[in-house]
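Here is a short briefing on helix packing and nonpolar cores. Look at the sequence and the fold first.

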Amino acid sequence: MPRPDALQIARDGDSPGTDWTMVQSRLIGYLRARGARADLAEDIAQETVLRLIAISRTKEIGSVFALGFRIADNLLVDQHRAESRYADAGEGGEGEEGQWQTTAPSLDRVLDSRRAIEVFQRCLNRMPALRREVLVRRRLRNESCRAIGEDLALSGKAVEKHITRGLVDLRRAMEKAGIDPAGWHE
């Protein structure tokens, strides 16, 4: 539905001499001739007029209709693309109706991650206290080996050995549980 307030505002202060209502009705006719549904043509025409008004506030428009038709064409193409994506997602492919693509992890992935965290935590709890502390401070808190060594009265080599042994313990625990986290072998 057109927003008369936007057109009224435009009539009052912007682009003197431009009849935005007439521009909008010509855009609707143009879009209908291009095969757009009536409701879609009205929505796109309204959006186009609002964009034209915004542009006219900062720049001089050579041809309101040429620019308006161009904007309307682009909006119509965008709308068709969005609708085709929606239709593709709705088909779901091979008997799976209504599947949507999402960036959220799948339920399986979430459950696998939770299981990996449980195994990881259990393994950390079983480690000797010094090894656990060195590993946590280095890998989770990102402290330097030197700082850890100074705080715990350990040499740099001893700190590195605790880290290596801790990582070996974690790897074995994960492998024993059948978990192969991405990036584990880095």
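Contact here means heavy atoms within 4.5 Å. Helices (H or I, at least four residues) are DSSP runs, numbered from the N terminus. This is a predicted model: local features need pLDDT of at least 70, side-chain atom pairs count only at pLDDT 80 or more, and totals for chains, interfaces and linings use all residues. Residues are numbered from 1 along each chain, and side-chain values use heavy atoms, with hydrogens and water left out.

**H6 against H7**
- Leu-130, Glu-133, Val-134, Arg-137 and Arg-138 of H6 touch Cys-145, Ala-147, Ile-148, Asp-151 and Leu-152 of H7.
- That contact holds six nonpolar, no polar and four charged residues. Ala, Val, Leu, Ile, Met, Phe, Trp, Tyr, Cys and Pro count as nonpolar, Asp, Glu, Lys and Arg as charged, and the others, Gly among them, as polar.

**H6 against H8**
- Residues of H6 that meet H8 include Leu-130, Val-134 and Arg-138.
- This contact divides into seven nonpolar, two polar and five charged residues.

**Nonpolar cores**
- A nonpolar core is a set of buried Ala, Val, Leu, Ile, Met, Phe, Trp, Tyr and Cys residues joined through side-chain atoms within 4.5 Å. Buried means under 20% relative accessible area (1.4 Å probe, protein chains only).
- The largest core has 18 residues. Trp-20, Val-23, Leu-31, Ile-44 and Leu-52 have the most contacts inside it.
- H2, H3 and H4 each give two or more residues to this core. H3 gives the most, with seven.
- Beyond four places in sequence, Leu-52 contacts Trp-20, Val-23, Ile-61, Val-64, Leu-67, Gly-68 and Ile-71.
- Another core, of 16 residues, lies apart and includes Val-119, Ile-163, Leu-170 and Met-174.

Key: Buried < 20%, exposed > 50% of the residue type's maximum accessible area, 1.4 Å probe, protein only.
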